[in-house]
Amino acid sequence: MTPRADRPKRRAFTAEYKAQIVAEYDAAESGERGAILRREGLYSSHITEWRKAAQAGAVTALGPKTKDRRDREIEQLKARAEKAEAELARTRAALDIVGKAHALLETLSESTGTPKPPQR
């Protein structure tokens with residue numbers, strides 16, 4: 001058991017939930033607003049932050065700020081694929097250069113009249 005295992009987990013709220021609670025909070029009378037916050041286990045700062053995000057037109061900002069584990073894994077795999085493709089391109093270019101150098105050396109040795117070394 002880790003030292004932080006007994007601590008409560010941070011809650012994540014969906015964009016729909018946030019929008020629903022802000023609308024309910026705004027429609028409520030001032031005496032009922034505290035009851036809504038207590039019922040949902042929220043603070044007035046949550047409502048203020050969510051309202052600002054909604055007014056800014058950032059519906060996606062209402063969603064969770066952390067990326068899903070799969071999204072992070074996909075980004076890592078894309079980065080690895082791009083790196084592998086770049087390495088493959090460098091390897092192909094190096095092989096092409098080596099092949100051209102070999103052909104050039106063969107042509108030069110043939111033009112000087114030097115016998116070819118035996119093939120293995």
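Of the 120 residues of the protein, 13% count as buried; buried means under 20% relative accessible area, exposed over 50%, and partly exposed in between, with a 1.4 Å probe and protein chains only. The model is predicted, so local features need pLDDT of at least 70 and side-chain atom pairs count only at pLDDT 80 or more, while totals for chains, interfaces and linings use all residues. Residues are numbered from 1 along each chain as its sequence is written, and side-chain values use heavy atoms, with hydrogens and water left out.

The protein has four helices and zero strands. Helices (H or I, at least four residues) and strands (E, at least two) are DSSP runs, numbered from the N terminus. The order from the N terminus is α-α-α-α. Contact means heavy atoms within 4.5 Å. Among contacts between residues at least 6 apart in sequence, 53% join residues at least 24 apart. The accessible surface comes to about 10500 Å², and 56% of this belongs to carbon and sulfur atoms. Accessible areas come from the Shrake-Rupley method with a 1.4 Å probe; for residues, only the protein chains shown count as cover.

Helix α1 has 13 residues, which should span 18 Å at 1.5 Å a residue. The expected span is 1.5 Å times one less than the number of residues. The end C-alpha atoms of α1 are 18 Å apart, which agrees. Buried in α1 are A15, K18, I21, V22 and Y25. These residues cover an arc of only 135° around the axis, which puts them on the same side of α1. The arc is that of the directions from the helix axis to the C-beta atoms. The face turned away from the buried side carries the exposed residues E16, Q20 and A27. The buried residues of α1 pack against α2 and α3.

I47, W50 and A53 are the buried residues of α3. Seen down the axis, they fall within an arc of 130°, so they line one face of the helix. They pack against α1 (15–27) and α2 (30–40). K52 and Q55 are exposed on the face turned away from the buried side of α3. After α3 comes G57, whose phi is positive, near 80°.

L108 is found in helix α4 (residues 69–111). At 45% relative accessibility, L108 counts as partly exposed. With L104 and L105, L108 makes a nonpolar surface patch of about 310 Å². Patches are made of residues with over 30% relative accessible area and no salt bridge; like charges are joined within 9 Å, and nonpolar side chains (Val, Leu, Ile, Met, Phe, Trp, Tyr) within 5 Å. A salt bridge is a side-chain nitrogen of Lys or Arg within 4 Å of a carboxyl oxygen of Asp or Glu.
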